[in-house]
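Please read it with the structure open.

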Amino acid sequence: MPGGRFPRRDNAMKKFFLGVVVGSLLAARLFAADGNLLRDDHPDEYVVQRGDTLWDISGRFLTKPWLWPEIWHANPQIANPHLIYPGDRLTLVYVDGQPRLVLNRGAGGIVKLGPQVRSNARDEAIPTIPLEEINAFLTRSRIVEPEELRNAPYVIAGANGHVITGAGDRLHARGSFVDGEHNYGVYRAGQLFVDPQTREVLGREAIEIGGGRLIAEDADIGTLSIERSNEEMRVEDRLLPAVEQKITATFYPSAPSTEIAGVIMAVEDGVSNVGRLDVVMLTRGGRDGLEEGNVLTIHKAGELVRDPLTRELVRLPDSPAGTLMVFRGFEKMSYALGLDASLPLRVNDRASNP
């Protein structure tokens with residue numbers, strides 16, 4: 001299946017107050033099950049640099065970066081998560097034979113990494129992943145049922161007969177408006193997503209062009225005052241009630257709690273190859289137990305080769321080829337960010353539990 005067209009990245013998002021929340025500390029049990037958590041070439045300490053992400057730092061220490069919280073040292077006197085800032089020094093130590101990380105903050109001395117909030121006016125805590133790569137997807141994109149977009153009010157004209165409309169203008173739309181709803185987004189239909197394995201229709205991409213306020217209704221004609229626009233609005237663009245988007249600036253890298261077996265369905269900008277920091281669409285979502293922050297391994301299908309003796313065509317085993325992290329989920333699909341790739345990745349590669 002060819003890659004889909006995704007909305008372009010923009011710089012409209014303001015900087016987030018970033019950080020990572022520590023979950024339960026299960027190191028003893030973890031090491032009993034996996035003695036290879038630490039990389040052979042891990043550093044004994046690392047000074048956090050501006051521009052770092054938690055994923056990159058954890059990849060310096062761990063073979064499985066999403067298990068970073070498992071080596072943070074618990075401090076029972078602290079109730080909320082630490083944030084990690086540029087200049088912080090992370091030191092690897094051993095407690096009862098198990099590796100732990102402690103944090104040296106200069107004048108503050110050694111601080112054990114545990115659940116604690118750092119109150120600081122500086123907006124400098126490092127993110128889990130590079131948020132600038134996904135800002136547009138956190139704010140603009142929606143996946144809706146095809147009939148929802150098809151049945152929504154549609155733009156019939158700009159004020160004074162204008163064909164195209166932007167911020168500061170007005171437009172007229174025709175259709176059934178929700179009683180009592182005044183805030184609307186203006187959307188353009190994008191790709192229809194169909195599961196390449198089951199052929200189930202998973203949803204329609206709705207690209208936000210802008211939004212505004214419904215200021216008048218006359219029968220089935222509504223007048224919208226446009227307050228923001230990313231592109232020029234055109235006739236047949238659709239109006240959907242604005243939803244309060246819960247923007248997740250802090251992600252919790254983790255393995256899914258259920259078995260996931262999906263595929264990469266599309267790639268940003270309509271290409272078919274996937275690289276590091278590319279945004280992809282997966283064929284699994286909330287109904288399958290997939291959550292924001294879940295990490296998935298991408299598997300490439302094994303080559304089809306001919307047996308030299310029998311001359312049969314034989315499919316070789318699949319190969320792990322990269323890692324993705326889900327950053328926004330819908331009922332049937334999810335957006336994910338490519339974090340690393342050891343082999344070239346493509347649309348239709350499989351995604352499953354790490």
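1. Basis. This is a predicted model, in which local features need pLDDT of at least 70 and side-chain atom pairs count only at pLDDT 80 or more, while totals for chains, interfaces and linings use all residues. Residues are numbered from 1 along each chain as its sequence is written, and side-chain values use heavy atoms, with hydrogens and water left out.

2. Confidence. The mean pLDDT (the predictor's confidence in each residue, from 0 to 100) is 77 for the protein, and 75% of its residues reach 70 or more. Confidence is lowest in helix α1 (residues 27–33), with a mean of 38, and highest in strand β11 (residues 238–241), at 94. Helices (H or I, at least four residues) and strands (E, at least two) are DSSP runs, numbered from the N terminus.

3. Barrel. Six strands form a closed barrel in the order β12-β14-β19-β18-β15-β21, with antiparallel pairing; two strands pair if DSSP finds at least two bridges between them. From one strand to the next the twist averages 45°, with axes as lines fitted to C-alpha atoms (for helices over the stretch in contact) and angles running from 0 to 180 degrees between N-to-C directions. Strand β12 (residues 261–267) pairs with strand β21 (residues 350–352) in the antiparallel sense over three bridges. There, Ala261 stands opposite Ser352 in β21.

4. Thr53. This residue lies in the loop between β1 (45–47) and α2 (54–61). Thr53 counts as buried because its relative accessibility is 6%; buried means under 20% relative accessible area, exposed over 50% and partly exposed in between (1.4 Å probe, protein chains only). Not counting residues up to four places away in sequence, Thr53 touches Ile126, Pro127, Thr128, Ile129 and Pro130.

5. Glu148. Helix α4 (residues 146–150) holds Glu148, which is partly exposed, with a relative accessible area of 36%. Leaving aside neighbours within four places in sequence, Glu148 is in contact with Arg142 and Leu240. Glu148 and Gly203 are 55 residues apart in sequence and 9.8 Å apart in space, C-alpha to C-alpha.

How values were computed
Contact means heavy atoms within 4.5 Å.
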